[in-house]
Amino acid sequence: MTGEKKLTKILKKLKPVLCEGDYVYCTTGDVSQVSVKDIVMIFREDEGATLIVKKETADRLKLGYSLVTSWITLTVHSSLAAVGLTAAFSQALTDSNISCNVVAGYYHDHIFVPKKDAGLAMQVLGTLSQQ
């Protein structure tokens with residue numbers, strides 16, 4: 001099942017959902033200390049593995065982090081080959097002075113924004129979907 005490719009259709013169906021919890025980005029050279037069930041995302045880089053985990057997991061494992069984020073899922077099933085979605089929502093968030101970190105899953109895009117900006121980010125994304 002492939003996702004939607006047409007940007008105008010994707011934007012009308014964004015349906016952002018704010019996931020519960022506080023999330024952080026951590027890095028470690030030894031991912032074996034973290035249970036797979038506790039990892040939202042892992043990406044291996046030359047310098048170490050980047051993990052996105054719940055804040056309480058990072059605190060329990062004494063993994064350092066610099067920013068506490070909220071996780072927003074765009075529930076529209078967009079194609080990995082769709083053009084312009086990331087640019088559209090990141091520009092809308094930029095216009096409201098909200099930083100974002102994006103992870104693309106097979107079915108959905110996921111946006112991590114500073115916790116303090118989560119409410120405004122949801123408003124911005126809702127407005128983007130209505131345009």
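A residue is called buried when its relative accessible area is under 20%, exposed when it is over 50%, and partly exposed in between (1.4 Å probe, protein chains only). The structure here is a predicted model, in which local features need pLDDT of at least 70, side-chain atom pairs count only at pLDDT 80 or more, and totals for chains, interfaces and linings use all residues. Residues are numbered from 1 along each chain as its sequence is written, and side-chain values use heavy atoms, leaving out hydrogens and water.

Tyr-23 and Trp-71 are both buried. Rings of Phe, Tyr and Trp (its six-membered ring) pair if their centres lie within 6.5 Å; planes under 30 degrees apart are stacked, over 60 edge-to-face, and the rest tilted. The count is 5 aromatic pairs. Tyr-23 and Trp-71 are edge-to-face because their ring centres are 5.1 Å apart and their planes stand at 90 degrees. Tyr-23 belongs to strand 2 (residues 23-28) and Trp-71 to strand 5 (residues 68-74), 48 residues apart. Strands (E, at least two residues) and helices (H or I, at least four) are DSSP runs, numbered from the N terminus.

Tyr-25 and Phe-112 are also edge-to-face, at 5.9 Å between centres and 85 degrees between planes. Tyr-25 lies in strand 2 and Phe-112 in strand 7 (residues 109-114), so this pair ties together parts 87 residues apart in sequence. Tyr-25 is partly exposed at 26% relative accessibility, whereas Phe-112 is buried at 2%. Tyr-23, Tyr-25, Trp-71 and Phe-112 form one aromatic cluster.
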